[in-house]
Amino acid sequence: MTATRARTPQAAPARRIPGGPRLAWLHLRSRSVPVGVLALALCGGVLHAALRFNWTFNSGRYAQLLPMIIAAGAAALIAMTAHSPFGEAERSTGRWLPYLRLGIAAGMTAAAVGLLQLGVVGMSLNEGVLVLARNVIGFTGLGLLCSLVTGGLLAWTLPLGYMAFCQYALLASWTSPWTWPGRPPADRGAWICACAVFAAGLLLFTVRGPRTRLSDDG
Amino acid sequence: MSALSLHASRPTLPGAARALRLELKRNAVPMLLPLLAAVFYFETVRTADGFPPVWTLRASVIGNHMLFEFSAFAGGLAAWAGSREGRRKTLDLVATTPRAAWVRLSVTLAGTLCWLLFAFLAAVATVYVQTALQATWGGPPLWPVLVGAACVTVVAVIGFTAGVLLPGRFTAPLVAIGTLLLYEVGLRAQLGMSPASGTYAVLSPGGQPPMLDAGVYYRVPPDVSIVQVMLMGGIALALLGVLGLAAGIRYGGLRVALRALAGRGDDVRLRLTAAVLIGCGIAASGTAVALAGTAQPDAAGGWMIPALHSAASDRPIPVDRDCTSAAAGAGARPAFQVCVSQAFSFYLHPVASALTPVAAEIAGLPGAPAGAREIASVTGGQVVMSGITGTPPVFDFTADHVGSVFGEFYGLGLGETVQAWGQVFQQGMLDAFLAGSPPHAGGPAVVPPQFLNGPTPLGAAQQAVENALLAPFGWQPAIAGQAAGQWHGPALTGILAAARRFGALPASARHAWLAAHLSALRAGTITLAQIP
């Protein structure tokens, strides 16, 4: 900067965004939430394409397999947003972090449910949209719980692993409520299990946050 | 110990081996092996446990179940490993190492693949050892293992390449989800596949389980497996070549990489090798796709590729049978012999104990079977139904079809008792005996698959007699099986009443009446009222 420029009166400062929304936006960006929402929209689009172009079965148990994969995939993507690039250092910066974590997890789950429901508009989905919503909720709870152990970046493994098990349970006609992804929409026990897993995952994730390591494994 | 002797006493590994050892130590796959093992146990081992211990059938879980979970984890974890440099933002740092980027990436990929293939082969060994302890015939098929290993490899290479080119936190789960979706779409396509609708779906490793006796009466031709390995190997080769250009693609995009490929430089041999790999991979995959389009149904109910097919696969395998005999009636009547192929010898005594008492009830009557034997489920590409054939008459049944019931040799159904399981054989034999001139008079009933509706239903009088003959063996008075939907209201009541009347007669009286009226009964000229 030259002396001439230094003496020139400074332009009026640009209008600053208030602290709260700015903090939330920075937090969202640090967790790649905008990309995550796009990936969820992609899941909704794939579900729509699968139903439109008959990539899946129309009825019967096999018809639930592909929507279940997409629900677990959406939950895995939500769990990936748990990862913080700042690690331990971020935890000492203020008291808002748990609220931000809660907001992101709940908001992403709601976005996933909404985007997947949007994907099946005008299509005939076996077992209906309620099962899809229940599965997203339950798998997300598992993903959040997994992030407490493995960290955010490997939190996709548990939802996908449990989904693989539930595909077996579905085809083998298991009726336990804890195999909720394969249960019919009116199964109250399945709803209770899915919601309980989600509540536990959300609570622990909010309070403790994901496991953080500066050098992520592998 | 001097520094010199310390140095001399520790043999040093070559650079690549040392790098691989480090990679094996730091890889993420071992951390997730417990989860993979749990899913494998619930998804694959339990499914395999539900199948009878026949090698081909048990080996089908590799493609139909094991690859589902393994491919998802292989793709995701390889993407995770591949994205390491980009994720940790160390691209510039590692670019200064003396090794080429391709070598560095290959070591990471090799470490990941070693762990994944180790886990896969350990899982296969679990299924095969369990089968070896139970099976009574045959040996482990190796083609499903090769296809599975190729599938794990190609998915890992796809994931790794995606991780290298698009490093990010969402790459690993997106690759895993994409792999699962591809698997499901392939499964859907293969289950609905027919020669008319195109046969490219044979390239999918997942599909429906084979016939229960697949590999017992005919060899399973390796044609489809060869094409699958060719496709997957081709894709893996091409992507390995792409990895050779990855450094260029990461920094300057595809155009820069292609320009570098054509230009001169120190690593021109490396780039040429990458180009050759890409070319070979595309050629192999293209050939596999073209061959898959020519697939045709084979003699044993599977698919064959004419260009790869060996005529020897269509010839039946000489089958050794295990037999058991028991007196089928009073007096000096010959023993009723029941035979099953050695692959199913664990069913021999349950089948024999179900059939022998019923055979005793009808022994000596015209057309009554002198024995029973299990034959091939498919012959000449067509499905075989059960029936009474030959002279002396023998009740032929297959592992897949007995009477109107399919898949009886899968074993007991959910909540089914051994007695109920055996009654299917009893009913199947009596159906064939009472129908008299079934479609299988000149040999086993061979019907095209689209006409798989089971045998012709019995008439009212025949049904009543069957119920009466089966009643002593715990048969329920209600009409079971396929006839359940055929009779209702007064007709059903009449059948039950006639069955009760006939069943109340002494055995000798029943036998005498049948000897006198069997021809008329088979011809359908006996009414319910005429049954004593």
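Reader: Which residues does Ser225(B) touch, not counting residues up to four places away in sequence?

Author: Contact is set at heavy atoms within 4.5 Å. By that rule, Ser225(B) touches Trp143(B) and Val147(B), with residues up to four places away in sequence not counted. This is a predicted model, where local features need pLDDT of at least 70 and side-chain atom pairs count only at pLDDT 80 or more, while totals for chains, interfaces and linings use all residues. Residues are numbered from 1 along each chain as its sequence is written, chains are lettered from A and ligands numbered from 1 in the order written, and side-chain values use heavy atoms, without hydrogens and water.

Reader: In which helix is Ser225(B) found, and is Ser225(B) buried or exposed?

Author: Ser225(B) lies in helix H10 of chain B, residues 223–244 (helices, H or I, at least four residues, and strands, E, at least two, are DSSP runs numbered from the N terminus). Ser225(B) is buried because its relative accessible area is 15% (buried is under 20%, exposed over 50%, partly exposed in between, with a 1.4 Å probe and protein chains only).

Reader: How many salt bridges are found over all chains?

Author: Side chains of opposite charge can pair when their charged atoms come close. The search of the whole structure gives 5 salt bridges (a side-chain nitrogen of Lys or Arg within 4 Å of a carboxyl oxygen of Asp or Glu). One of them joins Glu85(B) to Arg104(B), with the closest N and O atoms 2.9 Å apart. That pair links helix H5 (residues 84–87) to helix H7 (residues 101–134) of chain B, and the partners are 19 residues apart. Glu85(B) counts as buried at 11% relative accessibility, and Arg104(B) counts as buried at 16%.

Reader: With which residue does Arg373(B) form a salt bridge?

Author: The partner of Arg373(B) is Asp396(B), and their closest N and O atoms are 2.6 Å apart. Strand S5 (residues 371–375) holds Arg373(B) and strand S9 (residues 394–398) holds Asp396(B), 23 residues apart in chain B. Arg373(B) is partly exposed at 34% relative accessibility, whereas Asp396(B) is buried at 1%.

Reader: What area do chain A and chain B bury between them?

Author: The size of an interface is often given as the accessible area lost when the parts come together. Chain A and chain B bury about 3300 Å², 77% of it on carbon and sulfur atoms (accessible area lost on being put together, 1.4 Å probe, summed over both parts). In the interface, 39 residues of chain A are in contact with 34 residues of chain B. The count between the two chains is 0 salt bridges.

Notes:
Buried area = accessible area lost by both parts, 1.4 Å probe.
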